[in-house]
Amino acid sequence: MDMLLYWSASFALICFSLGAGCAVIRVLRGPTAQDRVLGLDALYIQGMLVMLVFGIRAGTGVYFDIALLIALFGFVGSAAMAKFLLRGEVIEP
């Protein structure tokens, strides 16, 4: 692997980790439930990006599949949380 790619991927991992730390703070200290949901959205996006950078660094496709699953479950979870906050229930009778 080229050294420039290695160091740029390492820098990206540090930046994504800092972003995830800020999202965790928002989840823990969010004054409203909407702030906590936005923090969780940011957290799953940061996790997906970290997996993509790991995939680039390792050169394998396994990490890309994991990132796709994180994105899928994160979207479904965000939609369910938004529906719960809007209507008070996820599954309507």
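Me: Where is the place of Ala-42?

Reply: Ala-42 sits in helix α2. A helix here is a DSSP run of H or I with at least four residues, numbered from the N terminus. The model is predicted: local features need pLDDT of at least 70, side-chain atom pairs count only at pLDDT 80 or more, and totals for chains, interfaces and linings use all residues. Residues are numbered from 1 along each chain as its sequence is written, and side-chain values use heavy atoms, leaving out hydrogens and water.

Me: Why is Ala-42 called partly exposed?

Reply: Buried means under 20% relative accessible area, exposed means over 50%, and partly exposed is in between (1.4 Å probe, protein chains only). Ala-42 has 30%, so the label is partly exposed. Its C-alpha atom is 8.9 Å from that of Val-24, 18 residues apart along the chain.

Me: Why does Ser-10 count as buried?

Reply: Its relative accessible area is 14%, so Ser-10 is buried. Ser-10 belongs to helix α1. Val-53 is 43 residues apart from Ser-10 along the chain, yet their C-alpha atoms are separated by 8.5 Å.

Me: Which other residues of α1 are buried?

Reply: Besides Ser-10, they are Ala-9, Ala-12, Leu-13, Ala-20, Ala-23 and Val-27. The buried residues of α1 pack against α2.

Me: How do you know that the span of α1 agrees with its 27 residues?

Reply: The expected span of a helix is 1.5 Å times one less than its number of residues. For α1 that gives 39 Å, and the end C-alpha atoms are 39 Å apart, so the two agree.

Me: What span does α2 have, and what is expected?

Reply: α2 has 26 residues and reaches 37 Å from first C-alpha to last. The expected value is 38 Å, so the span is close to it. After α2 comes Gly-59, with a positive phi near 80 degrees.

Me: What makes Gln-46 a buried residue?

Reply: Gln-46 has a relative accessible area of 16%, so it is buried. Gln-46 is in helix α2. Contact means heavy atoms within 4.5 Å. Not counting residues up to four places away in sequence, Gln-46 touches Phe-16, Gly-19 and Ala-20. Thr-32 is 14 residues apart from Gln-46 in sequence and 21 Å apart in space, C-alpha to C-alpha.

Me: What covers the buried residues of α2?

Reply: The cover includes α1 and α3. Among the buried residues of α2 are Val-37, Asp-41, Met-48, Val-50 and Val-53.

Me: Which residues make up the largest nonpolar core?

Reply: Five residues make it up: Ala-9, Ala-12, Leu-13, Val-50 and Val-53. The largest share, three residues, comes from α1. A nonpolar core is a set of buried Ala, Val, Leu, Ile, Met, Phe, Trp, Tyr and Cys residues joined through side-chain atoms within 4.5 Å.

Me: What is Val-50 in contact with, leaving aside its neighbours within four places in sequence?

Reply: Val-50 is in contact with Leu-13 and Phe-16.

Me: Why is Phe-75 called exposed?

Reply: Phe-75 has 56% relative accessibility, so it counts as exposed. Phe-75 is in helix α3 (residues 62-87).

Me: What about Phe-73: why does it count as exposed?

Reply: Phe-73 has 57% relative accessibility, so it is exposed too. Phe-73 also has its place in α3.

Me: How do you know that the span of α3 agrees with its 26 residues?

Reply: At 1.5 Å a residue, α3 should span 38 Å, and its end C-alpha atoms are 38 Å apart, so the values agree. Just after α3, Gly-88 takes a positive phi of about 90 degrees.

Me: Which residues of α3 are buried?

Reply: Ala-67, Gly-74 and Ser-78 are buried in α3. The buried residues of α3 pack against α2.

Definitions and conventions:
Helix = DSSP H or I, 4+ residues; strand = E, 2+ residues; numbered from the N terminus.
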